[in-house]
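Dear colleague,

Please find the structure below, handed over for your own work. The findings follow directly after it.

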Amino acid sequence: MARRQSPDGTEIWLNWAVWSFVEKCYVGYVQATITVDNSAIIGYVFFPNSWGKGYAREAVKWMINYLVETYQNLNFCADVNVQNHRSIALLHNLGFVRSTFFENIQSNEDEFNHEVQYQKR
């Protein structure tokens, strides 16, 4: 979908739209930010009608494999709202472990949420 760099050149921004050949539509997207310290900060959004069908697992797994082959020696991390049980299960399934708890993170809606960071090496 997009491949760009931060204006200062310290981060690589990668984004992919996820298309379902079965459903013949987009089902979500995955993204990664590669930093100068060899971190890969990953994120993903899947549309509710695609939940529970394995799209997220396959797409995130594909993205991680691509990043490992392309950039080597990355430390992966993802921040997740503590109430997002599907996303937490996905990360566990992909070998991520709970790392850091963040309390009262402000969201776009001026609400405060608790988040947990998961890491994979």
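Is N73 buried or exposed? N73 is exposed, with a relative accessible area of 66%, where exposed means over 50%, buried means under 20% and partly exposed lies in between (1.4 Å probe, protein chains only).

Before the remaining findings, a note on conventions. This is a predicted model, in which local features need pLDDT of at least 70 and side-chain atom pairs count only at pLDDT 80 or more, while totals for chains, interfaces and linings use all residues. Residues are numbered from 1 along each chain as its sequence is written, and side-chain values use heavy atoms, with hydrogens and water left out.

Overall architecture

The protein contains two helices and seven strands; helices (H or I, at least four residues) and strands (E, at least two) are DSSP runs, numbered from the N terminus. Along the sequence, these elements follow the pattern β-β-β-β-α-β-α-β-β. Of the 121 residues in the protein, 35% are buried.

The β2-β3 hairpin

Strands β2 (residues 11-20) and β3 (residues 25-35) pair in the antiparallel sense over ten bridges, two strands being paired if DSSP finds at least two bridges between them. Four residues lie between the strands of this hairpin, and K24 takes a positive phi near 55° there. Within β2 sits N15, which stands opposite Q31 in β3. The side chains of N15 and Q31 are joined by a polar contact of 2.8 Å. Such a contact is a pair of N or O atoms within 3.5 Å; within protein, one must be able to donate a hydrogen and the other to accept it, and residues adjacent in sequence count only if both atoms are side-chain atoms. N15 counts as buried because its relative accessible area is 17%.

Loops and backbone angles

Most residues other than glycine have a negative phi, and most peptide bonds are trans. N73, in the loop between α1 and β5, has a positive phi of about 50° although it is not a glycine. N38, in the loop between β3 and β4, is likewise not a glycine and has a positive phi of about 65°. N38 is partly exposed because its relative accessible area is 35%.

Q72 lies in the loop between α1 (55-71) and β5 (75-81). The C-alpha atoms of Q72 and N38 are separated by 8.4 Å, although these residues are 34 apart along the chain. The side chain of Q72 also reaches the backbone oxygen of E69 at 2.7 Å. With a relative accessible area of 42%, Q72 is partly exposed.

In the loop between β4 and α1 is S50. A polar atom of the S50 side chain lies 2.7 Å from the backbone oxygen of F47. S50 counts as buried, since its relative accessibility is 4%.

The largest pocket

The largest pocket holds about 790 Å³ of space. On a 1 Å grid over the protein atoms alone, a pocket is an open set of points where a 1.4 Å probe fits, with protein on both sides within 12 Å along at least five of seven lines. Grid points are joined across faces, edges and corners, and the volume is the space filled by probe spheres set on the points.

The lining comprises 30 residues, of which Y44, V45, F46, N84 and S87 lie nearest the centre of the pocket; a lining residue has an atom within 4 Å of a point. Two or more lining residues come from each of β2, β3, β4 (39-46), α1, β5 and α2 (85-93). The most come from β4, with six residues. By class, the lining has 16 nonpolar, ten polar and four charged residues. Here Ala, Val, Leu, Ile, Met, Phe, Trp, Tyr, Cys and Pro count as nonpolar, Asp, Glu, Lys and Arg as charged, and the others, Gly among them, as polar.

V45 lies in β4 and is partly exposed, with a relative accessible area of 35%.

The largest nonpolar core

This core has 29 residues, of which V30, I42, V60 and L67 touch the most other members. A nonpolar core is a set of buried Ala, Val, Leu, Ile, Met, Phe, Trp, Tyr and Cys residues joined through side-chain atoms within 4.5 Å. At least two of its residues are supplied by each of β2, β3, β4, α1, β5, α2 and β7 (112-120). The largest share, seven residues, comes from α1.

With kind regards
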